[in-house]
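The sequence and structure come first.

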Amino acid sequence: MKEKIVKLSEREHILRRPSVYVGSIKKEESQEYIYTDGKFTKQSVLRTPGLLKIINEIIDNSVDEFIKTEGKFSTKIDVILEKEFFSVKDNGRGIPVESTILPDGSEILTPELCWTHARAGSNFNDNSSSIGTNGVGSALTSIFSKSFTGETKDGKSRCILKTKNNNDSIVCEIVSSTKDRGTSVTSYPDFERFEEKEFNEDYARIIKSRLYFLSACYPKITFTFNKEKIKIDPKALI
């Protein structure tokens, strides 16, 4: 019997083969370094690696903005993690609110391109010191979300993107002019794809501990987790 050749869209391939992009989507027990009582210790946690991945990719984008601007922007990164959603906000330059021409000749607003298309971004330089996944992270987060909202301000315009049901519906528009800058993302993940119903305490422990680690690596960035300022003694990494 002759096999049928199927051409999947970028979104369809990511959803059908998630482990290629985000790692395991199975809940697993592991030993992680958790920051407790002023030090990192190995502790047992139960989590799904792929679900952590879509959070960390957004955090990494904000840290990358600090790196790319040599510390001039994204000096404050706020992370919120509740049971049903997470959000990341920074005071970076914002994504340029302008149109980008795609290979087929069509136009798309750059924030929509960055947040919903894989292989779109500015981290493709082989000499780059960025920590994010080159041109994939934000798109993975929106694709694996039941609801995703991105807002960016580039000093001239304010743009809001909203997606539903794994990017089945996408609306991106310029809503006002502004002199402010910065970017925020809020995601309500599609938990069923990660064998979860919500974010439990282990996810909070892992993400908060990573922010402690990042704050030690980038002391000029002020991190907050659920409105609590993250402070760390550098000796905790020794």
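Ring pairs link Phe86, Phe191, Phe199 and Tyr203 into a cluster, where rings of Phe, Tyr and Trp (its six-membered ring) pair if their centres lie within 6.5 Å. The model is predicted: local features need pLDDT of at least 70, side-chain atom pairs count only at pLDDT 80 or more, and totals for chains, interfaces and linings use all residues. Residues are numbered from 1 along each chain as its sequence is written, and side-chain values use heavy atoms, with hydrogens and water left out.

**Aromatic pairs**

- The count of aromatic pairs comes to 9.
- Phenylalanine 144 and phenylalanine 194 have ring centres 5.5 Å apart and planes at 55°, so the pair is tilted; planes under 30 degrees apart count as stacked, over 60 as edge-to-face and the rest as tilted.
- Phenylalanine 144 lies in the loop between helix H5 (137–143) and strand E7 (145–154), and phenylalanine 194 in the loop between E10 and H6, so the pair ties together parts that are 50 residues apart in sequence.
- Helices (H or I, at least four residues) and strands (E, at least two) are DSSP runs, numbered from the N terminus.
- Phenylalanine 144 is buried, at 1% relative accessible area, and phenylalanine 194 is buried, at 0%. Buried means under 20% relative accessible area, exposed over 50%, and partly exposed in between (1.4 Å probe, protein chains only).

**Sheet and helices**

- An open sheet of 8 strands runs in the order E9-E8-E7-E10-E4-E3-E11-E12, with mixed pairing; two strands pair if DSSP finds at least two bridges between them.
- Its edge strands are E9 (169–177) and E12, each of which pairs on one side only.
- Strand E4 (residues 86–90) and E10 run antiparallel and are joined by 5 bridges.
- Phenylalanine 86 stands opposite serine 187 in E10, and Phe86 is also one of the residues in the ring cluster.
- Helix H3 (residues 49–68) packs on the sheet, touching strand E3 (76–81), E4, E10 and strand E11 (222–225), and its direction makes about 10° with that of E4. Contact means heavy atoms within 4.5 Å.
- H6 lies across E3, E11 and E12, and runs at about 170° to E11. Axes are lines fitted to C-alpha atoms, for helices over the stretch in contact, and angles run from 0 to 180 degrees between N-to-C directions.

**Salt bridges**

- The count of salt bridges comes to 12, a salt bridge being a side-chain nitrogen of Lys or Arg within 4 Å of a carboxyl oxygen of Asp or Glu.
- Glutamate 195 bridges to lysine 26, with the closest N and O atoms 3.5 Å apart. The two are 169 residues apart: glutamate 195 is in the loop between strand E10 (181–189) and helix H6 (201–217), and lysine 26 in the loop between helix H2 (18–22) and strand E1 (28–36).
- Glutamate 195 is partly exposed, at 39% relative accessibility.
- Lysine 208 and glutamate 228 meet in a salt bridge of 3.0 Å, N to O. This pair links H6 to strand E12 (residues 228–229) across 20 residues; lysine 208 is partly exposed at 22%, as is glutamate 228 at 36%.
- Aspartate 190 and arginine 193 form a salt bridge with the closest N and O atoms 2.8 Å apart. Aspartate 190 is buried, at 5% relative accessible area, whereas arginine 193 is partly exposed, at 31%.
- Glu28, Glu32 and Arg47 are linked in a network of salt bridges.
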